[in-house]
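Me: Could you take me through this model with the cut-offs spelled out as they come up?

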Amino acid sequence: MDPRSEVLLRQADLFQGPLLIAGAPADGLLAELPQAHAWTWHAGDQALLQGRFAGRCHHGVEAPAVAFDSAVLFLPKSRELAAYLLNALASRLAGGTLYLVGEKRGGIEGAAKQLQAFGKPRKLDSARHCQLWQVTVDNAPEAKPLESLAERFELALADGPLQVVSLPGVFSHGRLDKGSALLLEHLDDLPVGQVLDFGCGAGVLGATVKRRYPQSQVTLLDVDAFAIAASRLTLAANGLEGEVISGDGIDAAPQGLDLILSNPPFHTGVHTHYQAAENLLKKSGQHLRKGGEMRLVANSFLRYQPLIQEALGNCETRAEAMGFRIYRATRG
Ligand SMILES: C[S@@+](CC[C@H](N)C(=O)[O-])C[C@H]1O[C@@H](n2cnc3c(N)ncnc32)[C@H](O)[C@@H]1O
């Protein structure tokens, strides 16, 4: 059980009524709270929760249309995302109770100050390196539309400016990541056809490729519903078409691809893990057609080359700069 769930269960009697758990981890918490519904924006957690608690889990960027008189937010890593979620929950909770739970190293103490906008917060518990906060919502705010929190910026690319629309919590919110910037400089001589932008974030790579190679069909895939929403906005802002899909890992991607393009993930929340990236490298051959190419950017310190070599039998370093490497490999 996630330690934050354990902290909630120390006060389980508080959570027996109609409750919405936002950012719920994929653990057994719902089994202990029979009237609770979970809201998650992580496609992998949604699949796991749905397997155990069908009908009580909701996926997306908006709070689900279920009735609740209290809500718990599991503190996300991004401060902007926490602000959006707290506003969304508090706007539905006039006179109700809002809880915030999070790890100390995730910044729960500071984040709890955001509850002051709605009433007088108090710390209910501190255990397992986590804290649980509570506020009665005396001042329910107006719900802010998610799009009003979008950050828009323009990239000056060689073939003209590209508009990027990013949303709270999305990777490199409001600016271009250095690794992605390097990959954008190395998108020459790409195969045309079925293209996957794996871990698309705000859709920078997929949108750039679709504009440069308009005959290609581009699929953008991410585990995070906010990234999916941002990618759709980015494509629309540039008048581009693409399929945007929500899924956990390369297994959710189509097969028979001509090109996989990625700045693969290597951080999740406050914990670092490489699982999704390693699976992408190991299983790339199952998703590429014969002769198809994978082109990636990664921190130079990540030892991806042997994994790609093992999966596809070749791997060339095309460029190295600013602590990043561009890899190119083809399926023989
Ligand atoms: C390093 S960011 C790159 C984002 C974007 N392509 C760019 O260049 O700005 C990696 C992305 O992978 C996504 N991601 C993390 N785990 C994933 C998984 N298991 N399946 C699919 N996408 C994942 C993250 O949400 C994040 O948007």
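Reply: Contact here means heavy atoms within 4.5 Å, while helices (H or I, at least four residues) and strands (E, at least two) are DSSP runs, numbered from the N terminus. This is a predicted model, in which local features need pLDDT of at least 70 and side-chain atom pairs count only at pLDDT 80 or more, whereas totals for chains, interfaces and linings use all residues. Residues are numbered from 1 along each chain as its sequence is written, and side-chain values use heavy atoms, with hydrogens and water left out.

Me: What covers the buried residues of α3?
Reply: Buried means under 20% relative accessible area, exposed over 50% and partly exposed in between, with a 1.4 Å probe and protein chains only. In helix α3 (residues 43-52) the buried residues are Ala43, Gly44, Gln46 and Leu49. The elements that cover them include β2 (36-40), β3 (57-59) and β12 (243-246).

Me: Is valine 72 buried or exposed?
Reply: Valine 72 sits in strand β4 (residues 70-74), and, neighbours within four places in sequence aside, it is in contact with Leu8, Phe15, Leu19, Leu20, Ile21, Ala22, Tyr99 and Val101. Because its relative accessibility is 0%, valine 72 counts as buried.

Me: Which residues touch the most other members of the largest nonpolar core?
Reply: A nonpolar core is a set of buried Ala, Val, Leu, Ile, Met, Phe, Trp, Tyr and Cys residues joined through side-chain atoms within 4.5 Å. Among the 70 residues of the largest such core, those touching the most other members are Trp41, Leu98, Leu100 and Phe226.

Me: Which helix gives the largest share of this core?
Reply: The core draws at least three residues from each of domain 1 (3-142) and domain 2 (150-330), with domain bounds that come from an automatic or database domain assignment. Its largest share, 8 residues, is supplied by residues 225-237, that is, by helix α8.

Me: How far apart are the C-alpha centres of domain 1 and domain 2?
Reply: The contact between these domains takes 16 residues from domain 1 and 14 residues from domain 2. Their C-alpha centres are separated by 31 Å.

Me: How are α9 and α10 oriented to each other?
Reply: Helix α9 (residues 275-287) and helix α10 (residues 305-312) pack with their axes 7 Å apart and at an angle of about 20°, where axes are lines fitted to C-alpha atoms, for helices over the stretch in contact, and angles run from 0 to 180 degrees between N-to-C directions. Angles under 35 degrees count as roughly parallel, over 145 as roughly antiparallel, 65 to 115 as roughly perpendicular and the rest as oblique. The two helices are therefore roughly parallel.
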